[in-house]
Amino acid sequence: MLDYHVHLFSHDDIAYDEQVTLSAIAQLCSVAKKRNLTEIAITEHLFRFKEAKHFFTKMTEEVSDTQAADFMRDYYDFHATLSLEHYIHILTEAKRRGFPVAIGIEMDFIPGQMDEVNSFLSSFPFDVVLGSVHFIKGHMFDVLDSDLQVSKWNTEGAEKVFRDYLVLLEELMLSGTANVLAHVDLVKVMGRRPSEAALHDFENELVDLVTRKLVTVGEENKENVPPVIGRTVVELSSAGWRKPIGAQYPSSFILKKLFDSGLGITLASDAHEPMSIGYRFNDLWRLAEEIGYKSLARFSDRSGYPYSINKGKI
Ligand SMILES: [Zn+2]
Ligand SMILES: [Zn+2]
């Protein structure tokens, strides 16, 4: 089994380069081994890195609500403390020494700057880039411990938040940057939902745009696409089981439709602390297997390859 979404730091902690060490990676690998994981992708947030801070500064400057902009500025000041060069150096060395890690990053979607972000990311030797939508303009909708962010759910209304989310998800896919679409229906995180009918439309539209866009990405890059796994897949994540929504990402309805369209998956814990690595992967894989999946995607040098799972063996 593989866990393709593992962070080094909790959101509550300031991260220091001195903590990004081979022994820290070894500790994560030893937890992974105990949980029968044969490889983990380390995927720290793009906004953790000083070299990428200018993208977030520019995005913040474009937010007109001053309260929201202040919140974002403080958030990125707090988080953007690491050297990406050092992170890459340690992970490259860990791989060279045979640690079962893939060099990854969670690329938080930045509207209007994806060409720059694309060329920035391609200057580093990533195995896998996760693509995530975490903010809708000034609304960091998955920050659950902020009254300001939670109150925006009330002023905007769930139907609008869900609709706006889809627009950004489409832009993220069109950018072609992500190898893995992370927690693709994350907008449900809070448990706030639109009406049943609107939710149904949301799920169908999401499936439609993911399958349409991903198939297009695959076709454009046909020569580079290895068998079975395209350049981009979707993750099946257990992180939602630890959030107010209490459900995996994506919903079974979405997952089934993605499977029917031939899209590959990764499994993801989205661990922000070692104890969450491989979180409830038995349940997660059972769900995937029931739908028909027999393999996962693994990535090397940003190309996807199938990783077969023996039936019943987690
Ligand atoms: Zn995320
Ligand atoms: Zn994450």
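User: In this predicted model, where does isoleucine 110 lie?

Analyst: In a loop. Isoleucine 110 sits between S3 and helix H5 (114-121).

User: Why is isoleucine 110 called buried?

Analyst: Buried means under 20% relative accessible area. Isoleucine 110 has 0% relative accessibility, so it counts as buried.

User: What makes Leu46 and Val117 contacts of isoleucine 110?

Analyst: Contact means heavy atoms within 4.5 Å. Leaving aside neighbours within four places in sequence, isoleucine 110 is in contact with Leu46, Phe55, Phe56, Met59 and Val117.

User: How far apart are isoleucine 110 and phenylalanine 135 in sequence and in space?

Analyst: They are 25 residues apart in sequence. C-alpha to C-alpha, the separation is 8.7 Å.

User: What parts does the pair glutamate 106 and histidine 134 tie together?

Analyst: Glutamate 106 is in strand S3 (residues 101-108). Histidine 134 is in the loop between strand S4 (128-132) and helix H6 (147-156). The pair therefore ties together parts 28 residues apart in sequence.

User: Are glutamate 106 and histidine 134 buried or exposed?

Analyst: The cut-off for buried is under 20%. Glutamate 106 is at 0% relative accessibility, so it counts as buried. Histidine 134 has a relative accessible area of 6%, so it is buried.

User: Which residue coordinates both the zinc ion (ligand 1) and the zinc ion (ligand 2)?

Analyst: Glutamate 106 coordinates both, and the two ions are 3.4 Å apart.

Conventions: Residues numbered from 1 in each chain as written. Chains lettered and ligands numbered in written order. Predicted model: local features only at pLDDT ≥ 70, side-chain atom pairs only at ≥ 80, totals over all residues. Heavy atoms only, no water. Donors = N, O, S within 2.8 Å, 3.2 Å for Na, K, Ca; no water. Helix = DSSP H or I, 4+ residues; strand = E, 2+ residues; numbered from the N terminus. Buried < 20%, exposed > 50% of the residue type's maximum accessible area, 1.4 Å probe, protein only.
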